[in-house]
2 protein chains.
Amino acid sequence: MRVAMRVAYDGTNYCGWQIQPNGLTIEEVLNTTLSELLGEKIVVSGASRTDTGVHSLGNIAVFDTNHRMPADKIAYALNQRLPEDISIQESWEAPEGWHPRFVKSRKTYEYRILNRRMPLPTERLYTYHYHYPLDVDKMNAAIQDLVGEHDFTSFASVKSQVNSFTRTIYEASVTRDGDIIVIRVTGNGFLYNMVRIIAGTLIEIGNDRRPVTSIREALEAKNRSAAGPTAPAEGLTMISWTAEENLLTH
Amino acid sequence: MRVAMRVAYDGTNYCGWQIQPNGLTIEEVLNTTLSELLGEKIVVSGASRTDTGVHSLGNIAVFDTNHRMPADKIAYALNQRLPEDISIQESWEAPEGWHPRFVKSRKTYEYRILNRRMPLPTERLYTYHYHYPLDVDKMNAAIQDLVGEHDFTSFASVKSQVNSFTRTIYEASVTRDGDIIVIRVTGNGFLYNMVRIIAGTLIEIGNDRRPVTSIREALEAKNRSAAGPTAPAEGLTMISWTAEENLLTH
């Protein structure tokens, strides 16, 4: 049976999603805990390989099992064994071989900035503290240039190994709620470090160190050096993954 | 020189504010760090002795020093040495002998509940996860009975050692923002565990295990057993302390 799960986590204490030799990852904890729960070796695969320190409200993981536990009961049973910083939100039976990476989908990410003079301990794990003034109207105007289909070479880590840098952004906004600025982007896929580079560029725009046109100029340049720095991981949260087929039925 | 500071902290990893033999406290970290910074033995005293695991955006601490550093520079200098889960928001010179406990003041506390089926890792440190339905309208109606001057014996830990259980609540509300329910109370003072007992009682009201009149009935009973359980510490945050004299000038 193929099982899919929606997985939320606080990335603070993990070396990202994907298994690696030098630190604990979300994938490794899920493999170990599922293997204990189901009594067989389980290997999960994820929709997004989030980086060290990045959070998620709903990454998607899939795996195969021979266990007879109903797929929708696995979320609750697994949560009893998982550490508090990882929580399965929902589990369901998926078609054989189904994988979120092979499905047309929309992902939404948020990058949160704490924009005030002094740091705030209760926000430190889930925001990037930036204490210079930021003009949210300029940032929101600039981010609109991302909407549509573009070559995002300038907004990808030079370490990216992909065939195509073309992605489509459906919606993008920058809003302020008190001291918290939220950069929100929805697209059909994101390159390595893409949202963090978008955030780093927008912060320079908001602080008047770059013109409001520089997102458009960076897209045209197709060169990583044309965009701003990569903003720190702690501000980034993967909000949701939705299959296009589900969007159509709404 | 008397110095006052507004102190924010994430209480997760501390045994509360007040120094005690069995664990690290906010007060102890402030004493140690201030003594290092100013090169003399510093002893702080706080407005609220918050409990283990309780957070604050603005507790007030005072201390005396012979150091010549301008009082308003101490906040920034101290933050360079403090751990990330404690942050001074502001520091200023106060009159000789001034102490927030001897000043007529208003304190505001918030108790935050994550009200959804599954736990959410990125909210776990700052909310209490309660997964049964809660009727916020009933909770908000019930909490209004707290407003005014009352004997709060029923809403104080039996361990309270005070001369009077009379306190005045100026404002109280229960609101919902998505999955988060916020209980907010402003008063001239709070007894030991008072806001957590208010929260525990309101949760039972919101879940229909107590009538909406039970806050009023508990006040009249003047007996701890007439109120609900003490809700867990992690949901509680001290939001602000304001001197009445400052309120009058606004």
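B:His55 lies opposite B:Thr237 of strand E10 in chain B, and in that strand B:Trp241 is the bridge partner of B:Lys107. The model is a predicted one, in which local features need pLDDT of at least 70 and side-chain atom pairs count only at pLDDT 80 or more, whereas totals for chains, interfaces and linings use all residues. Residues are numbered from 1 along each chain as its sequence is written, with chains lettered from A and ligands numbered from 1 in the order in which they are written.

Strands (E, at least two residues) and helices (H or I, at least four) are DSSP runs numbered from the N terminus, and two strands pair if DSSP finds at least two bridges between them.

| Strand | Partner | Sense | Bridges |
|---|---|---|---|
| E3(B), residues 55–64 | E10(B), residues 236–243 | parallel | two bridges |
| E5(B), residues 105–114 | E10(B) | antiparallel | seven bridges |

In chain A, the axes of helix H3 (residues 136–143) and helix H4 (residues 194–206) come within 8 Å and cross at roughly 135 degrees, axes being lines fitted to C-alpha atoms over the stretch in contact, with angles from 0 to 180 degrees between N-to-C directions. H3(A) is therefore oblique to H4(A), since angles under 35 degrees count as roughly parallel, over 145 as roughly antiparallel, 65 to 115 as roughly perpendicular and the rest as oblique.

Between the chains, 17 residues of chain A are in contact with 17 residues of chain B, contact meaning that C-beta atoms, placed from the backbone, lie within 7 Å. E4(A) gives the most to the side of chain A that touches chain B, with three residues.

Key
Contact = placed C-beta atoms within 7 Å.
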